[in-house]
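Q: Please take me through the terms used for this model. For each label, I want the value, the cut-off and the conclusion.

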Amino acid sequence: MATTRIPIGPQHPALKEPESFLITLNGERITDVAMRLGYNHRGIEKAAENRTYVQDIYLIERVCGICSHSHSSAFIQCVEEIAGLEVPLRAKYLRVLIGELERVHSHLLWLGVAGHEIGFDTLLMYSWRDREVVMDILAMLTGNRVHYAMNTLGGVKRDVTEEQAREILKAVDTLEERTKYYIDVATHETTLIQRLSGPGFISKDDVLKYGVVGPTGRASGVGRDARKDDPYAAYPELDFNVVTDDHCDVYGRTLVRVGELMESYKLIRQVLKKLPAGDIAVKSPRRIPAGEAVSRYEAPRGEDVHYVRANGTDKPERVRVRAPTMANLQAVAKMLEDNNLADVPIVIAAIDPCFSCTDRMVHIDRIDRGPSSESFEWGALRRKGIEWYSANGVDFTELNKRFEVRG
Amino acid sequence: MSFPGKMAAQVIGGGLFHKPATLMYPAEKATMPLGFRGKLSFWPERCVFCKLCMKDCPSEAIQINKLGEKRYEAIVNLGRCLFCGQCVQSCNKDALEMTTNYELAVGQSGSLTVNIGRDQAEGGFEAVCEDEDLPAPERAAAAAKAAQ
Amino acid sequence: MMQSILTPLFNIVVFPGFLFLAAMGMLGQYVDRKLYARLQNRVGPPFIQPLADFIKLSAKQETLPEGADRRMFLVLPLVALAATVTASFYIPMWSDKALFSFDGDIIVTLYFLMIPTVSFFLAGHASTSLYAEIGAVRAITQFFAYEVPLFLAVLSPALLAGTWSISGIAAFYAARPGWWLFNILGFGVGMVAVLGKLEKVPFDIPEAETEIVGGAFTEYSGRLLALFKMTVDVEAIVAASLLAAIFLPFGLGLPALLGFLVYLLKVFLVLVLLTLLRTIMARLRIDQMMAFCWKILAPLAFVQIVASLVLKGVLS
């Protein structure tokens, strides 16, 4: 069969969010992948500059639905560092608790999505049924099933009572039993192993070269984890293992994520046992003094980096969010080399993509053109767009005619 | 040792002969725990008109109007409200509270702007005004007229 | 003269022909979807769902892709459905005599059941859509993998019975209780191969929703899609009836109503097994499927053929 180019995305049943992968095929073998990003760009970084720090907590939280606490915590850690606030230890433990519960939620969701991508809907239904347990716990603790809004400048908003702690421990026991069952299925179900082993291969050297983070990188034996390399919140006092695997393919990523679920249960139990008494927040000024800070957080998908620059007012001057999927997406082309078309959904799903997190502004300096930047006002930008498309062959009269309303 | 059909025991024992995990909404409803961040609720007698809630709201969803001497009302645009609870935290007089009501869908977007006062009719779903984009002074006048 | 064409016409169109098979197809789809849901701890669709889906699809507008071969595009669903219904005429359902039978009709039935697969391929090819093209090619590739084991598995009881007519086979085994156990391996191979024919997980590769959107049916909508879906449902019933007639030949001498119930039981047993298989496995890749069919299924089918030949020599 001749070479064909097939578009996976921006709209495709395999993708939960829009992103464009143009795949060049030779029969069923992939020879080339061309990616276009930016379909989920919402201008959050610019919007953050027009809102106060308190309002920004909620804006940054909504960068992503599943790693909302990660983004919110990373942001608030930057701001607290600039302001020199000493967050109470109890608040740090509570942030870890919510963060680990979020990791459990995210990995169970991923297990279901991976099952769906390989046609194993039963795994999807069962793992998402178990995910309800953790969502109910989060609703009880924070007031909502996603977007927990736990963070505030200087600590957390809500406390955990004794009874809630007992409920969490019961839920963790149930979930641990179910996770052991999923590990059993993942290691013994032939069709699953056949489907997941092999595709998405990326060697350890390539992981270091492309800067792959999170479980995707840990599945190739690179044991990088921001919770161990650059501990934040209460992690310096907690004991856990970084789960790595040597398969280097999608199956390895599955094993790493299920292993991380078990580690998270361990962490949650430790947190509830060692939870110190004390305040849950310190009073924070509304105006943050001038300064800048970078903060890293281990989101369920990998290392999440935030940068905040403050200028003494109650609004930040610049906020930059680098989500883990941004680092992993660039390795997808390498992973898809020499694979089959049938593997594209599962390889993309195996990096646990969150395109809402990824699509931020990226500044590219072209080596051949030198640095340049222009700034447009809205009307001029629209005119420039129309000019560019007309010069490139788009006929606007034809488009305008098609949108005529037949009366 | 791997074999196909590992989940057979689970699906037959744990799936087929178990009550389905589906909630037959709206016949069965999920009740949210106390502390759930649902629709806002306002205690007019506690409000001192400091407007900190309006200042801290990330989406400008809440509006406190002065109806008269020490009489206030709170109008919330449920379409804009993030249900984040920042206004509840910012209020120093505990005049705002979040209920567990999550069934907030309406048929027209004008009905999304509601009066959340506890002295209002049950549920408070009556729209204050049809046009949610009326500027604030006109809205306050319309509300004052409705309250008489 | 009128009398002599009215009865066959009634048989072909109403019972046990087209309308009966359509109704059975919908019932089979309901059982499949409800059981699938219950196995996954969900509630599942109500009884009327397959009919509602058919009516809804029929009410929608059909779109033809620009550049598609118009006549092929429109006629292929009808061809597929007609072939599937015709295949059922040679299968004895609740007695040991089918509607029409002659020596050699087992081969003809298998060929009639091949036509839907070829029409899916042509439909995907005629759609001139990338996803449809890939789905079509996958359907034909998959066809080469499962057809040989299916043929061998279904023909081995014929070898033992010494006749090429399905009705003859059914009568042969009905007269010798217990001999159907010799074909148990063939039954197993046949079940797995039928999963490939009906494009159910783990062999639903031609219509892998998360990979190629809708496969060969991507561009189909409206009544044409409703007909294709009905073809798939009826194909399931016909394949199940074929397997039941050849491998499970009991209760063929019972009076009318009881025989019909036994037939329903057998067909639904086969469907339930197919649903169970599709619940507990993931989808394979096309190359893995080819490897599996040629390295495992075909040899097992050969073993069954050899066993049948040996037994024929020994027992006659």
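**Labels and the values behind them**

Q: How many residues of chain A are in contact with chain B?
A: 20 residues of chain A are in contact with 20 residues of chain B. Two residues are in contact if their C-beta atoms, placed from the backbone, lie within 7 Å. This is a predicted model, where local features need pLDDT of at least 70 and side-chain atom pairs count only at pLDDT 80 or more, while totals for chains, interfaces and linings use all residues. Residues are numbered from 1 along each chain as its sequence is written, and chains are lettered from A and ligands numbered from 1 in the order in which they are written.

Q: How many residues of chain C are in contact with chain A?
A: 23 residues of chain C are in contact with 23 residues of chain A. H6, helix H9 (209-212) and H12 of chain C each supply at least two residues of that side of chain C. By class, this side of chain C divides into 12 nonpolar, five polar and six charged.

Q: Why are H6(C) and H12(C) called roughly parallel?
A: Helix H6 (residues 130-161) and helix H12 (residues 286-315) of chain C pack at an angle of about 10°, with their axes 8 Å apart. Axes are lines fitted to C-alpha atoms, for helices over the stretch in contact, and angles run from 0 to 180 degrees between N-to-C directions. Angles under 35 degrees count as roughly parallel, over 145 as roughly antiparallel, 65 to 115 as roughly perpendicular and the rest as oblique. H6(C) and H12(C) are therefore roughly parallel to each other. Their contact has 20 nonpolar, five polar and two charged residues.

Q: What makes H6(A) roughly antiparallel to H11(A)?
A: H6(A) and helix H11 (residues 250-274) of chain A pack at an angle of about 160°, with their axes 10 Å apart. That angle makes H6(A) roughly antiparallel to H11(A). Among the residues that meet are Leu169(A) and Val172(A) in H6(A), and Val258(A) and Leu261(A) in H11(A). By class, this contact has 15 nonpolar, two polar and two charged residues.

Q: What is the handedness of the crossing of H6(A) and H11(A)?
A: The crossing is left-handed. A crossing is left-handed if the near helix is turned anticlockwise from the far one by less than a right angle, and right-handed if clockwise. H6(C) also passes H12(C) in a left-handed crossing.

Q: Why does Glu147(C) count as partly exposed?
A: Glu147(C) is found in helix H6 of chain C. A residue is buried if 20 or more other C-beta atoms lie within 10 Å of its own, exposed if 12 or fewer, and partly exposed in between; C-beta atoms are placed from the backbone. Glu147(C) has 18 C-beta neighbours inside 10 Å, so it counts as partly exposed.

Q: What makes Asp245(A) partly exposed?
A: Asp245(A) has 19 other C-beta atoms within 10 Å, so it is partly exposed. It is found in the loop between helix H10 (226-229) and H11 of chain A. Leaving aside neighbours within four places in sequence, Asp245(A) is in contact with Arg218(A), Ala219(A), Gly252(A), Leu255(A) and Val256(A). The C-alpha atoms of Asp245(A) and Val256(A) are separated by 6.3 Å.

Q: Which residues touch the most other members of the largest nonpolar core?
A: Val347(A), Ile166(C), Ala239(C), Ala240(C) and Leu243(C) do, in a core of 216 residues. A nonpolar core is a set of buried Ala, Val, Leu, Ile, Met, Phe, Trp, Tyr and Cys residues joined through C-beta atoms within 7 Å. Helix H10 (residues 222-247) of chain C gives the most to this core, with 17 residues.

How values were computed:
Helix = DSSP H or I, 4+ residues; strand = E, 2+ residues; numbered from the N terminus. Nonpolar A, V, L, I, M, F, W, Y, C, P; charged D, E, K, R; others polar.
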